[in-house]
Amino acid sequence: MSQSKANALSTWVEVPKNSDFTIYNLPFGIFKSKKLSPRIGIAIGDKIVDLCILDQEGFFANMFLPEGIFLKDSLNDLIGLGKVQTRKIRERVQDLLLADNEKLRDHQSRGKAMVNRKEAEMLMPVKIGDYTDFYSSIEHATNVGKMFRDPENALLPNWKHMPVGYHGRASSIIPSGVPFNRPKGQFKDPDMEAPVFGPSKRLDFELELAFITGKSTKLGDSVSTAEAEDYIFGFVLFNDWSARDIQNWEYVPLGPFLGKNFASSISPWVVTLEALEPFRTQGPTQEPAVLPYLKSEKPANFDINLEVYIQPEGKTASKVCASNFKYMYWNIAQQLAHHTSNGCNLNVGDMMASGTISGPTEDSFGSMLELSWKGTKPVKLETGEERRFIEDGDTVIMKGFAEKDGIRVGFGEVSSQVLPAKT
Ligand code: CA
């Protein structure tokens, strides 16, 4: 007998079975339609609740929200109000959607307030200030270390002492559904005498989740692991596209650059930390013990199923990976504490990605680099085709959802097609 079943919520909105957008989820996003300018909505089932309409009709009365706070083309101002406010807004919407609450259900504005998701175009949810990418999966770091360095000493000496990361580029982060051209760059395969410049031959995805910060800090200040979650608004799926050949030739000594910054795709709905609460779980044991500033008392891993599909153009999609966010060695509180430990300041709308989320089994590896083991073991698709890396015309789709005791909270998907390199 679970506590959640005793507290089961039901809504007057029709929510299809296995929908990611249940009454328990209520993620925030930015949408527009033929008739509507960009604005903030909350997803439920196949609908979007237009928060501008709810606001106009007085459903947020007594909450002292700034005028026009929902008529925005990013969530930044809203999430900058702080967690106390955004939590209240989400709870108010949840309350209005409950089966026995007639206030919106029987209100004359209901038709206008509930927009069909099919008729909406989803936009970038956040104006991302700075983007950081961690490298927090021990399985991924170990696999990469085995392939490119020493199988006996796959992890570098620092890896178990800090959440390793690097600063990425925010300008090329794109929302789901936006295609991009295969990157060109300089690379030198092992059999080449000199480097060449041309379209990448080893284009890859990286299965990640990213969190978005909702609170800023002053330069010089640090955030402790205990405070970290106050700074985290929510999560999106993150496909950190990578050109392995470019990356491999450029990354020593300063790390990732053009092999990484040509595109990263995100899912459009930001799932709040509150919605993920039922799926909180203990992470892996950290041995050796971490330094005191990285000690994290509260479990800060989340049991979220993650899947990757490859869909060749005009054909069916094949699942190539099933992983889980719970495998992360370094948790979000440790990542944020480490990031600010030197006094580096945070802004509202910063994005911090997990790094590739690989699991312990071969079918749970979160990149083609690992799934095809550097291209030596082709991955079979249901169409009969094989893939070592991602080809022109392929669409890569990532899905994420958590499910427990009849509660489902999901991210929808991030999907993007690879177009040929520009000539
Ligand atoms: Ca990455």
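Predicted model: local features only at pLDDT ≥ 70, side-chain atom pairs only at ≥ 80, totals over all residues.
**Loops, domains and a calcium site**

The peptide bond that joins Val-252 to Pro-253 is cis, with omega at about 5°. A cis peptide bond also joins Glu-287 and Pro-288, where omega is again about 5°, and Pro-288 lies in the loop between β18 (280–281) and β19 (301–302). Such bonds deserve a second look because most peptide bonds are trans, just as most residues other than glycine have a negative phi.

With phi in mind, two further loops can be visited. Lys-374, in the loop between α11 and β23 (379–380), has a phi near 65°, a positive value in a residue other than glycine. Asp-405, which is not a glycine either, has a positive phi of about 50° and sits in the loop between β25 (395–404) and β26 (407–419). Lys-374 has a relative accessible area of 32% and is therefore partly exposed; Asp-405, at 36%, is likewise partly exposed.

Seen as a whole, the protein is divided into domain 1, covering residues 5–122, and domain 2, covering residues 131–419. How many residues of domain 1 are in contact with domain 2? There are 25 of them, and they are in contact with 27 residues of domain 2. The area buried between domain 1 and domain 2 comes to about 2000 Å², and carbon and sulfur atoms give 62% of it. On the side of domain 1, the residues that lose the most area to domain 2 are Asp-20, Ile-79 and Lys-83, which together account for 30% of what that side buries.

Charged and polar pairs also belong to this description, for three salt bridges are counted between domain 1 and domain 2, and eleven residue pairs are found in polar contact across their interface. The elements giving two or more residues to the side of domain 1 that touches domain 2 are β1 (28–32), β2 (39–44), α3 (76–79) and α4 (83–97). Helix α4 gives the most to that side, with four residues.

Within the loop between α1 (3–6) and β1 lies Thr-11, which counts as buried because its relative accessibility is 19%, where the limit is under 20%. Its side chain has a polar atom 3.0 Å from the backbone nitrogen of Val-13, and a polar atom of the Thr-11 side chain lies 2.6 Å from the backbone oxygen of Leu-97. Beyond its neighbours within four places in sequence, Thr-11 is in contact with Ile-23, Ile-44, Leu-97, Leu-98 and Ala-99.

Helix α7 (residues 138–148) is mostly covered, with eight of its eleven residues buried; among them are Ile-138, His-140, Val-144 and Met-147. The buried residues of α7 pack against α11 (368–371).

The last stop is the calcium ion, whose protein donors are Asp-133 (OD), Glu-206 (OE), Glu-208 (OE) and Asp-240 (OD), at 2.2 to 2.3 Å from it. Along the chain these donors follow the spacing D-x72-E-x1-E-x31-D.

Conventions
Residues numbered from 1 in each chain as written. Heavy atoms only, no water. Donors = N, O, S within 2.8 Å, 3.2 Å for Na, K, Ca; no water. Domains from an automatic or database assignment. Contact = heavy atoms within 4.5 Å. Buried area = accessible area lost by both parts, 1.4 Å probe. Salt bridge = Lys/Arg side-chain N within 4 Å of Asp/Glu carboxyl O. Polar contact = N/O pair within 3.5 Å; in protein donor to acceptor, adjacent residues only side chain to side chain. Buried < 20%, exposed > 50% of the residue type's maximum accessible area, 1.4 Å probe, protein only.
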